[in-house]
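Work through the exercises below with the model open. Each task is followed by its solution.

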Amino acid sequence: MRQSGRGRRVAAGSTSSGLAALLIALIGLLAGAASSEAAPPRNVLLLISDNQGWPDCGCYGNNVVQTPHLDRLAAEAIRFDYAFATTASCGPSRAVIYTGLQTHSNGQYGHGHGYHTFRLKPKVTTVFQRMQQAGYRTALLGKQHVTPPEAYPFDFNPKVSGRDVVGLAEAAETFIRESEDQPFFLVIGYSDPHPTSREGDGWGIVRDDPRLKRIEYDPANIEVPAWLPDVPEVREGLVGYYQQISRMDQGVGRVLASLDELGHADDTLVIFTSDHGSSEPGAMANHYEPGIRVPFLVRKPGLAGGGECDALVTLADIVPTVLDWTGQTIPDELHGRSLMPILGTAHPEGWDEVCLTHVCHEVTMYYPMRTIRTRRYKLIWNIAWRLEFPHPIDTLDRATWNGILERGETHCGRRPVDQLMFRDEYELYDLETDPDEIDNLAADPEHRDVRVELVRRLEAFCRETDDPWLLRHRFPGDDFGRHVRGR
């Protein structure tokens, strides 16, 4: 009791000092609130091309395709040289981009449009929902390719074709102008350089826009990559593919110019990437490099650009990065990591491998894969390996694949056609000595330690992320030769 009495007497004797302390605290809170209101917003602009492989920009070393606006962005940004789509399929890849969860976990196992009907699981939260909850205005202009609609709330949603790059830039400017009282999260989904047709080579600008410059390419000057056959239809296809990339590049330039003119270049994080690689055989719907390796540029205000980063990253890292930049908590359940701590670091530690998962492309194209890719090696687990590989319609209907079949050729580029059609259960490639992923080392005794360790790490990832395919399928012990064709 005496102690309590002493406490009351001390309080009574310090009333004036306590009041002063309270006033100081209130002044500090008000000053903090004013400072917070005065602080510039942290906006986000995410630009996504469609079916564009990682080397097909000038800033990635391609000396033929003209991409001056992306090259300028790269000079102001950090260029990631090892960025990967987790699945080489449009709809599923975009679901990964917008949720931060890999395909086996977010529920959109294939396309969601038409008769495919795949959609996110009911309890999955998209970045658009998170950003709206944080007070941001949201928009996804151009190609959307998302389901279900209720998981993707947009404050601004005009109907603009993903190939109308001028219209997209104009809509973006309108959205940014209307967001003066709120920070914004703006995504632009370009439809280029996705093929314009399933007939012939399938690429090329169909209708010119007088507001844009049509860039012409000479098939004779095209450098055909080693994974494709060097035949006329492939060269013609690459000409059209490059035309579309150059058109998309002009659209990117217009959006970035608007960002500058409206005074938001210094408060907006800009990310450019692609949903996955080309539609040609061995790319779309595959876990080979031409299908999964994508361009990836990040421009952060206040950070010197022109740098490179050799971290292995995936499109699942976009949501954590956006949340980090905008000051939000990154949920533990997300599969990616924020790139903010490594921007400006050329060789960050702990970014030496990625895991990737694929289930379907279209509903008829079930071929689940689980993959781990390190700096040197890649291990692919083809879960349904007994099936013939289901090439996408985008591949089957066009000139490259049909020409191979009509001529009875045994190879597509360096890869045997049989290998494209019929896969071993496990594929292990040494990317240093075999960058085209031709020589499967999964059953090679000399690579036993490598394959065992990669399987251990891949299985750990699948278990940590509650991969439902493990309820039905299991990883091997050490018997890698059991399901290798021809052995």
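**Exercise 1.** Sort the lining of the largest cavity by residue class.

Solution. This is a predicted model, in which local features need pLDDT of at least 70, side-chain atom pairs count only at pLDDT 80 or more, and totals for chains, interfaces and linings use all residues. Residues are numbered from 1 along each chain as its sequence is written, and side-chain values use heavy atoms, without hydrogens and water.

Step 1: On a 1 Å grid over the protein atoms alone, a cavity is a set of points where a 1.4 Å probe fits but cannot get out; lining residues have an atom within 4 Å of a point.

Step 2: list the lining. It includes Trp227, Gly282, Arg414, Arg415 and Asp436.

Step 3: assign classes. Asp, Glu, Lys and Arg count as charged, and Gly is among the polar residues. The lining divides into 7 nonpolar, 1 polar and 3 charged.

Step 4: The largest cavity holds about 60 Å³.

**Exercise 2.** Which classes line the second largest cavity?

Solution. Its space is about 30 Å³. Among its lining residues are His358, His361, Tyr367 and Phe389. The classes are 5 nonpolar, 2 polar and no charged residues.

**Exercise 3.** In what order do the strands of the open sheet run?

Solution. Strands are DSSP runs of E, at least two residues, numbered from the N terminus. Two strands pair if DSSP finds at least two bridges between them. The order is β9-β10-β11-β14, with antiparallel pairing. β9 (353-360) and β14 (426-430) are the edge strands. β10 and β11 pair over 5 bridges; Thr371 has Ile380 in β11 as bridge partner.

How values were computed:
Helix = DSSP H or I, 4+ residues; strand = E, 2+ residues; numbered from the N terminus. 1 Å grid on protein atoms, 1.4 Å probe; cavity = no way out; pocket = protein on both sides within 12 Å on 5 of 7 lines; lining within 4 Å. Points joined across faces, edges and corners; volume = space filled by probe spheres on them.
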